[in-house]
Structure formats: structure tokens, C-alpha cells
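The following explanation leads the reader through a predicted model. Please keep the sequence and the coordinates in view while reading.

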Amino acid sequence: MRVVTLRRLWQGADVQVSGRDVLYVVLLLLPFALIVLSLMLGLYSISVENVGRALLSSIAPAMAESVPQTELTLVLRIRLPRVLSAALIGAALASTGVAFQGIFKNPLVDSNLLGVTSGAGFGAALALLLGGTAALVQGFAFGFGLLAVSLAYVGSRLYSTAPMIVLTLMGILIGSFFGSMTSLIKYVADPLNTLPAITFWLLGGLTGVTWSSVPSLAVITLVGGAFLWLVRWRLNILSLGDAEAVTLGMNPNRLKLIIIVCATLMTAAAVAVGGVIGWIGLVIPHAGRILVGPDHKRLIPVSLALGASFLLAIDNLSRALLPTEVPLGVLTGLVGVPLLILLLRRNQTGW
Amino acid sequence: MKWNYRLVMLVLLGLLILNGNVGLIAAQDALTIQADEDLQPAVAALYKAFFNAEPGFVAADGDLVATTDRASLPDDFQGVPPHFLPDAFFIAQSERASAFIDFAVSPDGQQALIDAGFLPASVTITDQAGNSVVIPQPVRRVITPYSIATYLVYGVGAADRLVAGGYLGARDPIGAARMEAIDPRFPQLSGYVMNQREINIEEIANLQPDVIFTSARSAWLDTVAELDIPIVLFQGESPELLKQSMQIAGQVFGPNAAARAAAWSAYYDRIFSQVMDVTDDLEADERPRLLMVGTEALRVISGDMYQTDIIAAAGGQSVSADLTGSWNDVNLEQVVLWNPDVIVIVPYGSVTPATLVDSPEWQVVAAVQNGRVYKMPSWVAPWDTPVPDSVLGIIWLAQTLFPDRVSLDCAAEAMTFYKTFYDYDLPSDEIAAVCGS
């Protein structure tokens with residue numbers, strides 16, 4: 001039934017406008033519902049009432065009186081920052097994936113195309129090798145993520161022709177260079193101490209997230225997400241090609257650069273907190289296209305919402321299913337790959 | 001012609017000096033030996049190999065006593081007497097005997113006894129992966145890519161036969177300095193890329209080891225097997241398996257090593273039973289619920305690990321005993337669910353009690369509220385891992401959990417332990433600080 005409706009949704013956009021609008025609104029509200037639901041989930045069972053009281057206690061402290069301190073701490077200091085981080089990281093990775101796919105006119109790329117994740121992975125590994133604190137690891141990851149993309153950009157400017165192709169190539173080169181550097185660090189790392197930490201970080205996880213890592217992530221993701229939201233219709237024009245964009249009075253190269261900078265900042269911030277979480281930037285944009293079509297006016301908001309929802313759901317599995325944490329990178333791959341295969345088979349629409 | 005004459009004179013002179021010297025050594029160092037009747041042929045074989053002369057056996061007041069009777073040891077004797085045959089050892093009565101004793105327990109001494117038929121030319125052992133391994137004797141060169149096995153070699157007193165190895169706990173400057181004080185060859189021995197994952201097979205071939213000690217989980221076993229070097233696999237993740245590890249290491253290096261392995265087992269059993277005497281009759285609710293965390297605050301031990309056993313021996317119960325495999329990453333919610341009474345952080349890694357105590361998130365855990373968060377001490381080899389030194393980890397843990405009941409003293413036992421099994425005198429003030437006493 002749902003399948004039939006959905007098929008109609010994208011085939012007969014003009015006829016089914018109202019149904020499509022409902023779906024759009026539902027998708028946008030989904031992450032907020034999931035955030036509330038996620039706060040109820042966890043290995044430690046806390047009643048719905050106490051979760052509610054704990055949340056309201058920040059506004060009305062009297063609400064917390066009957067809630068045990070342990071439950072207060074768990075809801076406010078453990079679950080809340082983690083759930084918010086998962087939503088923000090998911091939104092950042094998915095929306096930057098859409099942006100990159102639009103700019104590079106290639107449905108098979110995500111925001112790691114220019115090496116930001118590889119650079120961040122190297123930065124984090126280096127910080128862990130130096131015995132750094134969580135803050136140092138995040139700082140290094142963020143910094144080296146930006147550095148990798150800057151290197152790719154500067155490298156591409158050395159050539160005058162076909163900047164996008166050269167930029168892509170430079171991104172891949174810089175990405176593999178930092179990948180090799182990370183392997184080198186793993187090679188020299190102490191197998192007892194540093195290596196497990198590096199491996200776990202590279203697989204991604206939100207185990208160690210506390211409030212201290214949320215503000216910078218939130219600011220960058222919200223500002224960057226808002227920017228992508230605002231320029232979303234221009235992405236439609238960019239994905240037509242540079243010649244068309246110029247005809248329509250745009251400066252495509254400048255806009256692309258701004259979007260790349262914005263997406264890189266968002267990805268670096270996400271990776272710095274959550275480690276290397278694969279697949280979201282690739283799978284969620286496709287899922288979004290199937291649900292609301294390739295128009296960026298809706299695709300950007302939907303990918304923000306779907307990315308947040310997807311990572312929230314995955315992280316709930318990771319933290320509440322088993323006593324031990326399953327790395328997020330493992331789960332996103334396990335769930336994301338079959339999903340992508342399924343969607344590619346069913347998807348008949350254009351990109 | 002004159003040149004020839006000079007040359008001949010020179011050679012003759014040289015021979016004269018050499019001959020005189022040999023005679024001098026033999027005359028000065030000829031030892032008088034008191035030996036049980038049935039040990040005399042073996043002692044004679046050793047003596048002949050070392051001095052190229054027949055020994056003079058005496059009934060009393062020899063420089064050296066060869067015996068199987070432990071009662072003839074001086075009352076204040078500590079450690080393991082040098083064994084040249086299974087159950088037969090030397091007691092030095094004068095300083096002059098030491099070179100001969102060193103020779104007797106060295107590979108050359110073993111070779112002399114093998115040539116004379118007193119020791120077998122090869123031993124067959126069953127390693128901890130269940131493989132039967134034939135090892136020609138004596139073993140002169142051993143490599144230990146599995147860094148836990150390195151300490152087994154030290155424990156049985158065969159460190160002089162190490163040519164390369166991994167060293168657990170000696171990566172940081174403090175550990176490295178301590179290890180170098182124990183064994184001056186440490187910088188050279190540890191200077192290879194060699195662990196369970198990585199090994200350079202050409203380098204191994206170059207090192208020409210007689211035997212390789214590693215773990216069954218080494219990634220390169222098939223490649224290295226091509227070199228036709230005996231490989232002994234270890235897996236010591238329980239007290240019984242650790243004792244077996246030591247026993248195997250002892251068998252590989254001959255009678256003296258075997259005697260030291262047996263002595264270590266006896267020491268381990270004695271400490272174990274002394275601790276168990278205190279902790280055995282504890283009811284389940286008297287046993288502190290203990291969480292042992294690793295190199296990250298949220299990385300905890302599993303029930304399959306050796307650490308779980310030493311926690312149980314020391315009278316605690318590991319809250320994460322239901323987990324399997326190796327280290328497990330958990331989240332704080334799970335820790336709160338366990339709500340441990342005590343948290344112990346392993347000796348290695350950057351996590352300290354302050355990491356947890358200063359964190360607002362950890363305040364809900366009972367151990368943090370009660371201020372019972374500890375970092376396990378260690379000297380070089382981490383005391384929580386299945387190395388000979390872990391006996392000290394049991395002592396420290398028992399002392400920490402039951403300070404009123406356990407009479408063992410970590411620092412004093414550590415002094416004895418390192419003297420006996422590493423032949424090293426620990427700096428007493430430093431070990432006292434390490435043990436926290």
C-alpha cells in the first residue's frame with residue numbers, strides 16, 4: 001500500500017501535491033520525535049515520567065525532586081548530549097553529502113570526497129599517539145580535516161583547466177595520503193595502549209560524548225545547515241552545469257567554493273566528535289531523493305532530517321542493545337549497504 | 001732468511017706464553033668438589049669441558065657442592081640454586097666456583113652434558129595451542145614477538161639467550177629506564193618491529209633463533225613456519241594456564257630454567273593460597289563488586305581475561321565477567337547499571353583515578369562516590385596481565401580490597417620477587433612509593 005503510494009508520489013508529482021506535502025512535513029518532524037523517544041531508551045531503565053521530569057527540571061527545578069540523582073545524571077549528562085550529538089552529526093553528514101553530490105554532479109560521492117574525513121582521522125590518530133585528551137583529539141581531527149581539504153584546493157589551483165575534475169583528483173590523492181599516514185601511525189602505535197584507541201576512533205562512536213563537545217558541534221552544524229537550507233535552490237542550478245549557471249547570472253565557482261567550505265566545516269566538526277561514521281553521506285541523500293525527488297529545495301531539508309533520524313536510530317542500537325558498544329561505523333555499514341542496494345534497485349527517478 | 005727465524009721465534013714465544021697461562025688458570029682455579037656419588041660422572045663431564053682436566057672430588061670443605069638434597073642449602077638461602085641436571089644443583093662454597101657454575105647452567109654447559117649423555121639432545125613439549133614441538137637442545141637464541149612471553153624468559157632466568165623481543169610496559173620512558181636497569185641489553189633487544197601482527201621474516205631469518213615464543217593469535221605464523229624454526233605458542237589467560245606457560249618456558253631452556261619455573265609456580269601457589277585463606281570464606285555480598293578499566297575509562301575487561309581470575313582470587317568479583325572476548329567498549333549507562341563498589345585502572349594507559357573522580361558524569365557511580373578508584377601499580381611488566389609479575393598484582397589487589405585482613409606487603413614481596421626471578425635488586429624506596437605503602 002505504502003509502496004504504491006510512494007511510487008505515485010514521485011511519478012505523478014503534479015497530481016499528488018498534497019500527499020507529498022504531508023510526507024515532507026512528517027519527515028521534517030521525524031527527528032524531533034526520535035530525539036524524545038531516544039531519551040527514553042537505554043540500558044538503565046528509567047520511567048517515561050522520570051525522563052520527562054528530568055528534562056523539565058532545567059526549566060522548573062521543582063520537577064526533579066522525586067527523581068533519583070542517578071537518573072537525573074543519566075538523562076541530562078549522558079543521554080541528552082549523546083542524542084543531540086547523534087542527531088547533529090547525522091544531519092551534517094547527510095546534508096553535506098547532498099551538497100557534494102549536487103556540486104560534483106555525481107551521485108556516488110559524499111563530503112569525504114576532498115579528504116576531510118581522512119585528514120580528520122589522521123589528526124585524531126596523531127593526537128591519540130601523543131596521548132592527548134578528548135579535547136585535543138577533537139581539535140586535531142577538526143584541524144587536520146580542514147587542512148586536508150585546503151591542500152586539495154590549493155593543489156587544484158596549480159592547474160588552470162577543468163578545476164572540478166582536478167579538485168576531485170587532488171581530493172582523492174590527499175585523502176589516500178592521509179589514509180596512509182594514519183596507517184603509519186597505527187603501525188608505530190603501542191599495540192597495548194594507543195592502537196585500540198585509534199582503531200575504535202576510526203570506526204566511529206559516541207560513547208565518550210559529554211556536554212563539552214556539543215556546543216561547537218551544534219553551532220557549526222546549525223549555522224552550516226541553515227546556510228545549505230538557504231542556498232538549496234541554487235544547488236539545483238549548479239547541478240545543471242556551469243554554463244547554465246552562468247547564463248542564469250550566477251558565479252558558479254564562487255558559490256561552489258563557499259558550499260565546499262561550509263560542508264567541510266560541518267563534516268570536520270561531525271567527524272571530530274563522532275569519529276569516522278561512514279555511509280550516511282552516501283545513503284541518506286539517495287533515500288531522500290526516493291522520498292521527495294531530486295529537487296534540492298526539499299532534498300536539503302529532508303536529508304537534514306533523515307540523516308539525524310538515521311544516526312539516532314543507529315546510535316540507539318549501538319548503546320541500548322548490548323552491554324558492549326558496537327562501533328557506529330560498523331552498524332551504519334551493516335544497515336546502510338543493504339539499504340542503498342535496495343534503494344538503487346527501486347529508484348527510477350533522475351538525480 | 002733472518003725474517004723466517006724471527007717468525008719462528010715469535011711463534012714459539014707465543015706458544016710458551018699461552019701454554020703457561022693455561023697452566024696458570026688450571027692451577028689457580030682447580031676446584032675441589034663435594035658431590036654425591038651418582039652426580040660425580042655428570043660433574044666430571046662439566047669439569048672436563050670447562051677446565052680440560054679431571055676434577056678432584058673431596059668428602060668435605062670443597063669449593064663447590066653438587067647435590068640433590070635441598071637440606072644442604074644454607075638456612076638463609078633465597079631464590080633458586082643453579083641446577084645443572086633436573087633436581088641436581090650446585091652450592092658455591094667459595095667465590096672461585098662462580099665461573100664454573102655460570103658455565104654449568106649456560107648453553108655450553110648444557111651442551112657438555114648432552115655430549116656426555118646426561119641430558120637429552122632434544123625435548124618434545126606440548127605448547128598451549130596443543131601442538132607438539134620438538135626443540136633441539138641447548139637453546140642458545142630465542143625471540144619473543146609476544147611481549148608476555150618475554151617476561152616468561154626473564155622469569156626462568158634465560159634472558160641471556162634472548163636475541164629480540166617485545167616488551168610490554170617498557171614503551172614509556174619510566175618503564176624503559178627500569179627495564180634497562182634490569183637488563184642493560186634491553187635497548188638492543190627491543191629494537192625490532194616485532195609483535196603479534198607484524199614481523200619481518202628476513203630479519204627473523206637473520207637473527208637465527210633456535211626457537212620462537214609467541215601467541216597463538218600471531219598473524220604471521222604460516223609465513224614464519226616456512227623457516228623451519230620451532231615455534232612455541234602461549235596462551236596464559238588463567239592462573240593454571242600461566243603456570244603451564246612458565247613450565248613450558250622452563251622445559252625449553254633446560255634444567256636450571258625448569259627449576260626456576262617450578263620455584264615460581266610454588267611461590268605463586270603460596271601467595272595464592274595465602275590470599276585465598278583470607279578471601280575464600282567471604283560471602284558473595286562481602287566481595288567488593290569491582291570494575292577493571294583499561295586504556296580508556298569505558299574500556300573494560302571481559303570474563304575470559306586473566307584479570308577476572310586475579311580479581312576473584314583477591315576476593316573481589318568482576319562486574320563485567322559476563323562479557324566475552326578481549327577488551328570491551330561499554331557506555332556509562334552500563335557502568336551505572338553495574339554500579340561497582342571499586343574501580344581499578346590497569347597500570348598502562350593514560351587513564352588515572354582523577355579522570356573519573358573529576359568527571360561530573362561519573363559522580364553517580366558508587367566507587368567514585370566512595371573514593372575507591374585506584375590505579376594498579378607495576379614495575380615494568382603490567383601486573384594485571386598473565387606475566388610472572390602478576391603475582392604482585394594479586395597481592396596489591398588483595399591489600400587494596402582488604403587492608404585489614406591481608407598481611408602480605410606489596411613492596412616487600414616485590415623486592416623478593418624481583419631478586420629471585422629477575423636477579424635484580426629493586427630500589428626499596430621507589431617500590432614502596434609504587435606500591436603506595
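In this predicted model, the contact between the two chains draws 25 residues from chain B and 24 residues from chain A. On the side of chain B that touches chain A, two elements give two or more residues, namely strand E15 (328–329) and helix H13 (332–338) of chain B. Of the contributions to this side, that of H13(B) is the most, with five residues. The composition by class of the side of chain B that touches chain A is 11 nonpolar, eight polar and six charged residues.

Within chain B, the assignment separates domain 1 (31–115), domain 2 (122–264) and domain 3 (282–435). A distance of 26 Å separates the C-alpha centres of domain 2 and domain 3 of chain B. Their contact involves 19 residues from domain 2 of chain B and 19 residues from domain 3 of chain B. On the side of domain 2 that touches domain 3, the elements giving two or more residues are helix H5 (147–155), helix H6 (173–182) and helix H10 (239–253) of chain B. H5(B) gives the most to that side of domain 2, with five residues. By class, the side of domain 2 of chain B that touches domain 3 of chain B holds 12 nonpolar, five polar and two charged residues.

The description now turns to the nonpolar cores. The largest nonpolar core has 207 residues, and the members that touch the most other members are Ala269(A), Val153(B), Phe213(B), Ala249(B) and Leu291(B). Helix H4 (residues 69–103) of chain A supplies the largest share of this core, 19 residues. From chain B, domain 2 (122–264) and domain 3 (282–435) each provide at least three residues to this core. Leu291(B) illustrates the packing: leaving aside residues up to four places away in sequence, Leu291(B) touches Val300(B), Val319(B), Ser320(B), Val335(B), Trp338(B), Pro340(B), Ile343(B) and Ala367(B). A second, separate core comprises 25 residues, including Ala45(B), Leu46(B), Phe89(B) and Leu119(B).

E4(B) and strand E5 (residues 88–92) of chain B are paired in the antiparallel sense over two bridges. The open sheet consists of five strands in the order E2-E1-E3-E5-E4 (chain B), with mixed pairing. Strand E2 (56–57) and strand E4 (83–85) of chain B are the edge strands, each pairing on one side only. Helix H3 (residues 98–105) of chain B packs on this sheet and touches strand E3 (64–67), E4 and E5 of chain B. The direction of this helix of chain B makes about 160° with that of E5(B).

Another open sheet of chain B has four strands in the order E9-E8-E10-E11, and here the pairing is parallel. Its edge strands, each pairing on one side only, are strand E9 (162–165) and strand E11 (231–234) of chain B. Direction ignored, neighbouring strands of this sheet are turned by 20° against each other on average.

The pairings can be followed across the sheet. Strand E8 (residues 142–144) of chain B runs parallel to E9(B), and three bridges join them; Ile143(B) stands opposite Ala164(B) in E9(B). E8(B) also pairs with E10(B), in the parallel sense over two bridges. Here Val142(B) has Val211(B) in E10(B) as its bridge partner. E10(B) in turn pairs with E11(B) in the parallel sense over four bridges, and Phe213(B) stands opposite Val232(B) in E11(B). Strand E10 (residues 211–215) of chain B is largely enclosed by the rest of the structure, because four of its five residues are buried.

Leu41(A) lies in the loop between helix H2 (17–40) and helix H3 (48–56) of chain A. Is Leu41(A) buried or partly exposed? Leu41(A) has 19 C-beta neighbours inside 10 Å, whereas a residue is buried if 20 or more other C-beta atoms lie within 10 Å of its own; Leu41(A) therefore counts as partly exposed. Not counting residues up to four places away in sequence, Leu41(A) touches Asn316(A) and Ala320(A). Between Leu41(A) and Leu80(A), the separation is 39 residues in sequence and 11 Å in space, C-alpha to C-alpha.

Note on methods:
Residues numbered from 1 in each chain as written. Chains lettered and ligands numbered in written order. Predicted model: local features only at pLDDT ≥ 70, side-chain atom pairs only at ≥ 80, totals over all residues. Contact = placed C-beta atoms within 7 Å. Nonpolar A, V, L, I, M, F, W, Y, C, P; charged D, E, K, R; others polar. Domains from an automatic or database assignment. Core = buried A, V, L, I, M, F, W, Y, C linked by C-beta atoms within 7 Å. Buried ≥ 20, exposed ≤ 12 C-beta atoms within 10 Å, placed from the backbone. Pairing = 2+ DSSP bridges. Axes fitted to C-alpha atoms, helices over the stretch in contact; angles between N-to-C directions.
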